[in-house]
Amino acid sequence: MSIVNHGHPAPLLHCPDGRVTALEPSREAPPLGLTALGRWHAPVDRFELPPGATLVFLTDGLTEARDPSGVFYDPLARLSHLMHHLPHAAGESPAPAVLLDALIHDVSRHSGGRAHDDQALLALRCPGS
């Protein structure tokens, strides 16, 4: 898979073996609306997607959600934790809808139900082998 990231949080990859990793860009690129202010090269990063893996795209509304004491939500840590508690067959990721529902509920619980920014999520599962 090839990714060009212009300022959003890195997509998260849940592998069938249980690992969750962030697919970080090799170099920072400004958000799309700021590219007119100068010249920036946005690298095209390539990642291998294992069969049966789930890819989660998210906006900064998730990463900037805060709890009542001001602690930011950490989707990478929380997704790793949630994966141990969501129903799914051994060697498979939970269904994308189940995963998204769990993340939405978890960030709402973290922030006390107060969203201060839009939150967009997309989960895609790679076909199995």
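**Close-up views of a predicted model**

**View 1. Strand β5 and its cover.** In this predicted model, strand β5 is mostly covered, since four of its five residues are buried. Among contacts between residues at least 6 apart in sequence, 70% join residues that are at least 24 apart.

**View 2. The open sheet of four strands.** Four strands, in the order β3-β2-β5-β6, form an open sheet with antiparallel pairing. The edge strands, each of which pairs on one side only, are β3 (20-22) and β6 (121-125). On average, and with direction ignored, neighbouring strands of this sheet are turned by 20° against each other. As a general point, the strands of a sheet pair through backbone hydrogen bonds, either parallel or antiparallel.

View 3. Strand β2 (residues 12-14) and strand β3 are paired in the antiparallel sense over three bridges, and L13 has T21 in β3 as its bridge partner. The pairing of β2 with β5 is likewise described as antiparallel and runs over three bridges, with T54 in β5 as the bridge partner of H14. Strands β5 and β6 pair in the antiparallel sense over five bridges, and here L58 stands opposite L121 in β6.

View 4. Strand β2 and strand β3, joined by three bridges, both take part in the packing shown here. Helix α2 (residues 75-83) packs on the sheet and touches β2, β3 and β5 (54-58), while its direction makes about 165° with that of β3. Helix α3 (residues 96-110) also packs on the sheet, where it touches β5 and β6, and its direction makes about 150° with that of β6.

**View 5. The meeting of α2 and α3.** The axes of helices α2 and α3 come within 11 Å and cross at roughly 125°, and the two helices are therefore oblique to each other. In this crossing, which is right-handed, α2 passes α3. The residues that meet are R78, L79, L82 and M83 in α2 and L99, A102, L103, D106 and R109 in α3.

**View 6. The largest nonpolar core, and a second one.** In soluble globular proteins, nonpolar side chains tend to be buried together. The largest nonpolar core in this model has 17 residues, of which V56, Y73, L79, M83, L86, L99 and L103 touch the most other members. Two or more residues of this core are given by each of the elements β5, α2 and α3, and the largest share, five residues, comes from α3. A second, separate core of seven residues includes L23, F47, A53 and L55.

**View 7. The surroundings of V56.** When residues up to four places away in sequence are not counted, V56 touches P11, L12, L79, L99, L103, L121, L122 and A123. V56 is also one of the residues that touch the most other members of the largest nonpolar core.

View 8. F47 is found in the loop between β4 (45-46) and β5. Its relative accessible area is 19%, and F47 counts as buried because this value is under 20%. Leaving aside neighbours within four places in sequence, F47 is in contact with M1, I3, L23 and E24. From C-alpha to C-alpha, F47 and E24 are 10.0 Å apart in space, although 23 residues apart in sequence.

View 9. V4 is found in the loop between β1 (2-3) and β2. Not counting residues up to four places away in sequence, V4 touches A42, P43 and V44. V4 and D45 are 41 residues apart in sequence, and their C-alpha atoms are 6.5 Å apart in space.

Technical notes: Residues numbered from 1 in each chain as written. Predicted model: local features only at pLDDT ≥ 70, side-chain atom pairs only at ≥ 80, totals over all residues. Heavy atoms only, no water. Pairing = 2+ DSSP bridges. Axes fitted to C-alpha atoms, helices over the stretch in contact; angles between N-to-C directions. Contact = heavy atoms within 4.5 Å. Core = buried A, V, L, I, M, F, W, Y, C linked by side-chain atoms within 4.5 Å. Buried < 20%, exposed > 50% of the residue type's maximum accessible area, 1.4 Å probe, protein only. Parallel < 35°, antiparallel > 145°, perpendicular 65-115°, else oblique. Left-handed = near helix turned anticlockwise from the far one by under 90°.
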